[in-house]
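User: Hi! Could you walk me through this protein? I'm new to reading structures.
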Amino acid sequence: MEKKNIDWANLGFGYIQTDYRFVSNYKNGAWDDGILTEDANVVINECAGVLQYAQTVFEGMKAYTTVDGRIVTFRPDLNGERLEQSAARLEMPIFPKDKFVEAVVKTIKANEAYVPPYGSGATLYVRPYMFGSNPVIGVKPADEYQFRILTTPVGPYFKGGVKPLTIRVSDFDRAAPNGTGHIKAGLNYAMSLHAIVDAHKQGYDENMYLDAKTRTKVEETGGANFLFVTKDGKVVTPKSDSILPSITRRSLVQVAREYLGLEAEEREVYLDELKDFAECGLCGTAAVISPVGKVVDHGKEICFPSGMTEMGPVTRKLYETLTGIQMGTIKAPEGWIVEIK
Ligand SMILES: *Cc1c(COP(=O)(O)O)cnc(C)c1O
């Protein structure tokens, strides 16, 4: 198979149309078998449930080439499981996780020519998503749905080196208690756009959202979970029902315990205790971990000892171990790496 002629190392994070996408339709209470198609356009009625009442959920994952030249993806079963949970919360039909993994593998395989080579730092981003497709005007769930998987090659996250982020404590809330913060739905992103555009205008990279009820506890950013390291080397991640359960964060906690012999704890984290941490990072599929150098709380700066020029030592070890597992230079736990054959 011949790779596409793409300057992998200089790709950004944008949409580039690839050859194939997976499409399956849900009608009369059942999913069809699904097909791969070359048609990148979606045609739906003007009154489709997704357009009127935002009935849509999604996933985000990556395919990449390992050191020994295999194309793989990382823990797709967990993405499938999470999509099931997201769909259930929005009264959408379940696309079964086994069929999900099968469809993801098939879609990556069909777009093999777009999977960047090992060492380029680039990856093939995979975006499964589902939406209500039939006309809905009275407020209720749609009866028909479409599940699709698109892929797009994306560039290295740390192009030009690692730069620790500066984050502000946001006055906006991301998720209500008992709301939808724990599911991966477009609605959680639509309402975050104003906050992120404003944060960028003010010179910040991201927003730190607090719990909406007490505004004393750390939740997450718009699209990544927090991970902290204490001064005595313990990994701490915030616990809350309104945080999206990041697969990267859950994997890093396991890596901390089983590969690095570190203690790791998921617990409530108060804004007041940020000053006591040695390191801070953001976890998600895109970057694995991006280091945070500074959090600004209404003019008050909380600077982590790891500084503004590099990753902290524990963050770096976590990053190197998990990316080593993904790239095949470190032995992976059973079931983490799924080969595209
Ligand atoms: C997708 C997402 C994450 C990261 O999850 P991963 O599974 O690690 O990619 C974190 N927070 C939010 C709000 C997200 O949508």
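This is a predicted model: local features need pLDDT of at least 70, side-chain atom pairs count only at pLDDT 80 or more; totals for chains, interfaces and linings use all residues.

User: What does the side chain of Thr-285 have 2.5 Å away?
Analyst: An oxygen atom of the ligand lies 2.5 Å from a polar side-chain atom of Thr-285. The protein buries 96% of the 380 Å² that the ligand exposes when taken alone.

User: And which ligand atom is 2.6 Å from the side chain of Glu-220?
Analyst: That one is a nitrogen atom, with the 2.6 Å running to an N or O atom of the Glu-220 side chain.

User: New topic: how many salt bridges does the structure hold?
Analyst: There are 18. In one of them, the side chains of Glu-59 and Arg-82 meet at 2.7 Å, N to O. This pair links distant parts of the chain, with Glu-59 in the loop between strands E4 and E5 and Arg-82 in helix H2, 23 residues apart.

User: Are Glu-59 and Arg-82 buried or exposed?
Analyst: Both Glu-59 and Arg-82 are buried.

User: Switching to the surface, which residues make the nonpolar patch?
Analyst: Tyr-53, Ile-137 and Val-139 make a nonpolar surface patch of about 350 Å². Ile-137 sits in the loop between strand E7 and strand E8.

User: Why does Ile-137 count as exposed?
Analyst: Because its relative accessibility is 64%, and exposed means over 50%.

Definitions and conventions
Residues are numbered from 1 along each chain as its sequence is written. Side-chain values use heavy atoms; hydrogens and water are left out. Patches are made of residues with over 30% relative accessible area and no salt bridge: like charges are joined within 9 Å, nonpolar side chains (Val, Leu, Ile, Met, Phe, Trp, Tyr) within 5 Å. Accessible areas come from the Shrake-Rupley method with a 1.4 Å probe; for residues, only the protein chains shown count as cover. A salt bridge is a side-chain nitrogen of Lys or Arg within 4 Å of a carboxyl oxygen of Asp or Glu. Helices (H or I, at least four residues) and strands (E, at least two) are DSSP runs, numbered from the N terminus. Buried means under 20% relative accessible area, exposed over 50%, partly exposed in between (1.4 Å probe, protein chains only). A polar contact is a pair of N or O atoms within 3.5 Å; within protein, one must be able to donate a hydrogen and the other to accept it, and residues adjacent in sequence count only if both atoms are side-chain atoms.
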